[in-house]
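User: I have a structure open and would like to talk it through step by step. Could we start with the pockets and then go on to the sheet?

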Amino acid sequence: MASKHRILITGAASGIGLALTEHFAAAGHSVIACDLQQDALAALAKQFPQVRTLAFDLSDAKQIDAAFASLGAETPDVLINNAGLQFVSPLEEFPPEKWQLLIAVMLTGTALLTRAAMPSMRRRNFGRIVNIGSIHALIASPFKSAYVAAKHGLIGFSKTIALETHDADITINTVCPGYVKTPLVEAQIASLAKTHHMTEQQVVDEIMLKPMPKRQFITTEELVGSVEFLLSPAARNITAQTLVLDGGWTAQ
């Protein structure tokens with residue numbers, strides 16, 4: 001990826017988003033780091049003064065429009081839709097507001113942010129959109145109905161936008177990793193250990209990694225490398241695709 005890009009990353013202040021932000025900022029790209037957590041963004045800006053930060057709520061369409069308007073002519077040519085959250089509950093007990101929040105952030109927010117980015121991508125005749133999906137964009141787990149629905153939706157959304165942008169040098173793809181040991185996943189491990197009266201290592205071995213033949217967490221380095229490939233000239237005709245990093249999970 002020789003050319004330098006202006007890259008907007010959501011959920012940029014922790015986990016996968018932070019790894020992406022650190023990598024692309026260190027590589028000399030112009031990064032716009034977006035997150036709801038202002039304290040985490042401030043810490044990120046201190047570490048990488050060259051990174052522009054934007055705090056807004058992806059579940060709020062007005063905040064998305066305002067954030068994009070604040071960029072003026074400095075709109076991104078690369079959009080990485082990464083922000084995510086989790087809530088685990090049987091559907092009968094799933095609070096409706098939580099269900100709606102997960103869909104709003106991970107699916108509707110992705111669509112609205114992509115909608116905001118596309119006009120300037122069309123004017124430049126260049127754009128790369130990468131959605132960070134999940135193994136749960138392809139398979140399901142019980143008690144994660146909102147998360148699974150949102151991640152499945154990303155794949156259909158990407159296919160649709162690929163068709164709508166066929167006449168421009170714009171691609172959109174979804175990267176779907178198995179479990180990545182982020183703060184979000186570590187919180188799930190602790191919660192499952194408590195719920196099932198297991199040790200955290202038992203949760204990792206017997207619940208999380210059991211369906212995966214390679215029995216390994218996906219690293220952020222693997223994920224970053226996959227995204228970087230999708231931004232490269234070699235991937236200019238790769239669009240509407242789902243790149244799966246699952247250690248053989250979906251081969252079964």
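**Pockets, sheet and cavity**

Analyst: In this predicted model, helix α6 gives the most to the lining of the largest pocket, contributing four residues.

User: Which other elements supply at least two residues of that lining?

Analyst: Besides α6 (183–196), the elements that each supply at least two residues of the lining of the largest pocket are α1, β2, α4 (96–124) and α5 (145–164).

User: And how much space lies in the largest pocket?

Analyst: The largest pocket holds about 800 Å³ of space. It is lined by 40 residues, and those closest to its centre are N82, A83, G84, L85 and L184.

User: How do the lining residues divide into nonpolar, polar and charged?

Analyst: For the largest pocket, the lining is made up of 20 nonpolar, 16 polar and four charged residues.

User: OK, what about the second largest pocket, how much space is there?

Analyst: The second largest pocket has about 520 Å³ of space. Of the 20 residues that line it, V88, P142, K144, Q188 and L192 are the closest to its centre. The elements that give two or more residues to this lining are α6 and α7 (200–208), and α6 gives the most, with eight residues. By type, the lining of the second largest pocket divides into 13 nonpolar residues, six polar ones and one charged.

User: Let's change topic to the sheet. What is the order of the strands?

Analyst: The sheet is open and has seven strands, which follow the order β3-β2-β1-β4-β5-β6-β7 and pair in parallel. Strands β3 (52–55) and β7 (242–245) stand at the edges with a single partner strand each, so one side of each is left without a neighbour in the sheet. From one strand to the next, the twist averages 15 degrees.

User: What do strands pair through, in general?

Analyst: In general, the strands of a sheet pair through backbone hydrogen bonds, and the pairing is either parallel or antiparallel.

User: Which strands does helix α1 lie across?

Analyst: Helix α1 (residues 15–26) lies across β1 (6–10), β2 (30–35), β4 (78–81) and β5 (127–132), and its direction is at about 165 degrees to that of β1. Helix α2 (residues 38–47) also packs on the sheet, where it touches β2 and β3, and its direction makes about 180 degrees with that of β3.

User: I clicked on A43. Where does A43 lie, and is it buried or partly exposed?

Analyst: A43 lies in helix α2, and it counts as partly exposed because its relative accessibility is 48%.

User: Can we go to β4 now? Which way do its residues point?

Analyst: V78 and I80 point one way from β4, while L79 and N81 point the other way, and all of them are buried.

User: Last topic: what is the volume of the largest cavity, and which residues line it?

Analyst: The largest cavity has a volume of about 40 Å³. Its lining consists of T10, L58, N81, N82, A83, V105, G109, T110 and L113. Helix α4 supplies the largest share of that lining, four residues, and the lining as a whole divides into four nonpolar residues, five polar and no charged.

Notes:
Residues are numbered from 1 along each chain as its sequence is written. This is a predicted model: local features need pLDDT of at least 70, side-chain atom pairs count only at pLDDT 80 or more; totals for chains, interfaces and linings use all residues. Side-chain values use heavy atoms; hydrogens and water are left out. Two strands pair if DSSP finds at least two bridges between them. Axes are lines fitted to C-alpha atoms, for helices over the stretch in contact, and angles run from 0 to 180 degrees between N-to-C directions. Contact means heavy atoms within 4.5 Å. On a 1 Å grid over the protein atoms alone, a cavity is a set of points where a 1.4 Å probe fits but cannot get out, and a pocket is an open set with protein on both sides within 12 Å along at least five of seven lines; lining residues have an atom within 4 Å of a point. Grid points are joined across faces, edges and corners, and a volume is the space filled by probe spheres set on the points. Ala, Val, Leu, Ile, Met, Phe, Trp, Tyr, Cys and Pro count as nonpolar, Asp, Glu, Lys and Arg as charged, and the others, Gly among them, as polar. Buried means under 20% relative accessible area, exposed over 50%, partly exposed in between (1.4 Å probe, protein chains only).
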